[in-house]
Amino acid sequence: MTLEGGISTVAKGKRAEAGTLAGETVDGEKLDVADLEGKVVVLNVWGSWCPPCRAEAPHFAKVAKELKGKGVEFVDTPVTSTSSRPGFEDDFGVSYPSLYDPHGKLILKGFPKGTLVPHGISSTVVLDREGRIAASSLQALYEGKLRSMVDPLVAEK
């Protein structure tokens, strides 16, 4: 594992599989991150009341829109009530799904002990195209740092 600029990364041959990250979205749909295999998946843990989360949200929305056609999917995991989600979406132009996980139980199951685990709000974990845990940040990310986590995984063969 390498740590640089607040971002931890794991070499391709040493990555662990993510656990189960499945459930209902805040919109009432079913979502299983395993169904996104073949795509780079960016998982962001946030709270609507969290100032750093609110600061990074427009950057996530912008990068998600730009990378959608390049095999990248974004999934939010809000630690908040469903009632705050529509306002957050409207405020920041977030159009990707949110797994409903107000108590962090999905996150606990989804990241095996000893892997890059999202430890708080705001946290971001990126899975490679094979569903393995490739990168993590435990701080708010702006466009440049977010891309520094995602772009190398998009380029991987």
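Trainee: Where does A11 lie in this model, and why is A11 called partly exposed?

Mentor: In this predicted model, A11 belongs to the loop between β2 (7–9) and β3 (22–24). Its relative accessible area is 47%, and since buried means under 20% and exposed means over 50%, A11 falls in between and is therefore called partly exposed. The C-alpha atoms of A11 and A135 are separated by 9.3 Å, although the two residues are 124 residues apart along the chain.

Trainee: What makes R54 partly exposed, and in which helix is R54 found?

Mentor: R54 is found in helix α1, and its relative accessibility is 30%. From the C-alpha atom of R54 to that of S122, 68 residues apart along the chain, the separation is 9.5 Å.

Trainee: How do you know whether E56 is buried or exposed?

Mentor: The relative accessible area of E56 is 1%, and because the cut-off for buried is under 20%, E56 is buried. E56 also has its place in helix α1. Not counting residues up to four places away in sequence, E56 touches N44, S122, Q139, A140, L141 and Y142.

Trainee: Why is T124 called buried, and which residues is T124 in contact with?

Mentor: T124, which is found in strand β7 (residues 123–127), has a relative accessible area of 0%, so under the 20% cut-off T124 is buried. If we leave aside neighbours within four places in sequence, T124 is in contact with V42, L43, N44, F60, A135, S136, S137, L141 and M149. The C-alpha atoms of T124 and T77, which are 47 residues apart along the chain, are separated by 9.7 Å.

Trainee: Why does F92 count as buried at 17% relative accessibility?

Mentor: Buried means under 20%, and 17% is under that cut-off, so F92 counts as buried. F92 has its place in helix α2 (residues 85–92), and, leaving aside neighbours within four places in sequence, F92 is in contact with R54, A57, P58 and A61. The C-alpha atoms of F92 and E56 are 9.4 Å apart, while the residues themselves are 36 residues apart along the chain.

Trainee: How many helices and strands does the protein have, and what pattern do they follow along the sequence?

Mentor: The protein has four helices and eight strands, and, read along the sequence, the pattern is β-β-β-β-β-α-β-α-α-β-β-α. Of its 157 residues, 49% count as buried.

How values were computed. Residues numbered from 1 in each chain as written. Predicted model: local features only at pLDDT ≥ 70, side-chain atom pairs only at ≥ 80, totals over all residues. Heavy atoms only, no water. Helix = DSSP H or I, 4+ residues; strand = E, 2+ residues; numbered from the N terminus. Buried < 20%, exposed > 50% of the residue type's maximum accessible area, 1.4 Å probe, protein only. Contact = heavy atoms within 4.5 Å.
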